[in-house]
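I opened the model to look up a few things and kept notes as I went. The entries follow in the order I made them.

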Amino acid sequence: MTSLAEGYDRLLVDLDGTAYAGAVAIPGAADALAGLPVTYVTNNASRGPSDVAQHLRELGFEAPDDSVVTSAQAGAGLLASLVPAGTPVLVVGAPALRAEVEARGLRLVETAEEARAVIQGHSPETGWARLSEAALAIRAGAVWVATNTDATLPTERGLLVGNGSMVAAVRNATEREPRVAGKPYAPIFVDAMRAAGATTALVVGDRLDTDIEGGNAFGADTYLVLTGVNDVADVVVAPDAHQPTYVADTLADLRTPREDALPGPREGWAAAVDGDDLIVTGAVGADPADAKYVAIAAARELSEERRAGLRLTIR
C-alpha cells in the first residue's frame, strides 16, 4: 500500500495549529510525522529556527535545527533582495528577526529618521511606540516588508492576535502595503525547498488563507488538517484559491492511501443543495468521518459565488 506522503519528496508542514498549539503538541502529530521528509515552515517570526526545533524536540518531534524555516528568515532574505547591504533597518519584532536582518548585512536602527527600510514580524512585546515609529518611517518612504499577515495566532488557549493584525494597524496608519515573505506568498516556500534540495512538495497546514492558498499558488498539492483554525464548513464556502487537495481530521492520514483524504463520494452518504443549505445525510452505519469529503465535493460542483453563502448541515 502506497501512502499519501510517499508521493512527495518534501512535506512542508505548518506549526501553530498543525504540529502544536503553543506549548502543547497536537495529539498524534509527532508519531504521524516520524520518519517522513519534513521541513517545518512557520509564519511565526518570534523565534529562531534552532529555538523552534528545540521546542519541537521537547514535544516529541523529530526536528533537526535545519528542518525549520521561519518567516523571519524569509522576511530578512526578501528585504536583503530589495535594498543594498548596509541599509539602515527598523525592526518591529522579536530578537530572532533582528538577528536574521543583521546576518544579511543590514544595519539595525531605532528611529524613523534613520531608517530606510522597515521589517515587521510577530513579537508579544510590540507596542504602540514601536508601531508608530514604523509608521513614520514608512510614510517617509521606507521599504516595508512583513514577515507574514496571519490575523490570528493559534495557541492552547485559543486564537490570539497575530502579526497580520499588527500589520493592519500600520497599514491603516500609513495607507501603504507591505511586501510579504511568509505564507501565502512564495519566498518562504522557495527557501524551504531550496534548503531541502527537494522538488515535489506537499504543503500541510490548518489555515486556508495561508497554508492552503500559499501551497496552491506555489504549484504544490495541499493538505488541510482540521486541528487548528479552519473547519469543514469553512472549506465548503471557500473560493477555489483556498481549496485543499486533501482534507483530514489529523496528520495520521498522511500514512493512508491518498484516496482516503480526497474529497469525493463515500458509501452511505448523500448530499443535496436546498436554497442556501447544503445537507449531507448519512445512512445507518455510515462512517461519520466520511461526511466531510462528500460535503466538500458537493460544494465544489457549484460556482464560487454560489457556494460562498452555503450553510452546511450534516445529519
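**Entry 1. Salt bridges.** I counted a salt bridge where a side-chain nitrogen of Lys or Arg lies within 4 Å of a carboxyl oxygen of Asp or Glu. My search of the whole structure found 14 salt bridges. This is a predicted model, so local features need pLDDT of at least 70 and side-chain atom pairs count only at pLDDT 80 or more, while totals for chains, interfaces and linings use all residues. Residues are numbered from 1 along each chain as its sequence is written, and side-chain values use heavy atoms, with hydrogens and water left out.

**Entry 2. Asp14 and Lys183.** I looked up the side chains of Asp14 and Lys183, which meet in a salt bridge at 2.9 Å, N to O. The two are 169 residues apart, and the pair links distant parts of the chain. Asp14 sits in the loop between strand 1 (10–13) and strand 2 (20–21), and Lys183 in the loop between strand 12 (179–180) and helix 7 (187–196). For these elements I used DSSP runs numbered from the N terminus: helices are H or I with at least four residues, strands are E with at least two.

Are these two residues buried or exposed? I took buried as under 20% relative accessible area, exposed as over 50% and partly exposed as in between, with a 1.4 Å probe and protein chains only. Asp14 is buried at 6%, and Lys183 is buried at 2%.

**Entry 3. Asp65 and Arg57.** I found a salt bridge between Asp65 and Arg57, with the closest N and O atoms 3.2 Å apart. Asp65 is partly exposed, at 39% relative accessibility. Arg57 is also partly exposed, at 34%.

**Entry 4. Asp240 and Arg307.** In this salt bridge the closest N and O atoms are 2.4 Å apart. Asp240 lies in the loop between helix 9 and strand 15 and Arg307 in helix 11, so the pair ties together parts that are 67 residues apart in sequence. Asp240 is partly exposed, with a relative accessible area of 49%, whereas Arg307 is buried at 1%. I also noted that salt bridges with shared partners join Asp14, Lys183 and Asp211 into one network.

**Entry 5. Domain 1 against domain 3.** I took the domain bounds from an automatic or database domain assignment. That assignment gives domain 1 (1–43 + 183–262), domain 2 (83–180) and domain 3 (263–314). The C-alpha centres of domain 1 and domain 3 lie 23 Å apart. With contact set as heavy atoms within 4.5 Å, 21 residues of domain 1 are in contact with 16 residues of domain 3.

How much area do domain 1 and domain 3 bury between them? The figure is about 1,300 Å², 56% of it on carbon and sulfur atoms. Buried area here is the accessible area (1.4 Å probe) that two parts lose on being put together, summed over both. In domain 1, Val236, Val237 and Leu262 lose the most area to domain 3, together 39% of what that side buries.

I counted 2 salt bridges between domain 1 and domain 3. I also looked at Asp249, which forms a salt bridge with Lys292 at 3.0 Å between the closest N and O atoms. Helix 9 (232–237) and strand 15 (246–248) each supply at least two residues of the side of domain 1 that touches domain 3. Helix 9 gives the most to that side, with 5 residues.

**Entry 6. Helix 10.** Helix 10 (residues 291–300) is mostly covered, with 8 of its 10 residues buried. Among the buried residues are Lys292, Tyr293, Val294 and Ile296. I then asked what the buried residues of helix 10 pack against. The list is helix 9, strand 15, strand 16 (269–274), strand 17 (277–282), helix 11 (304–307) and strand 18 (311–314).

Entry 7. I looked up Thr70 in strand 5 (residues 68–70). Thr70 is buried, at 0% relative accessibility. Leaving aside neighbours within four places in sequence, Thr70 is in contact with Thr42, Asn44, Arg47, Gly48, Pro49 and Ile188.

Gly75 is in helix 3 (residues 71–82). Gly75 is buried too, with a relative accessible area of 0%. Not counting residues up to four places away in sequence, Gly75 touches Ile119, Val145 and Ala181. I also noted that Gly75 and Gln120 are 45 residues apart in sequence and 8.5 Å apart in space, C-alpha to C-alpha.
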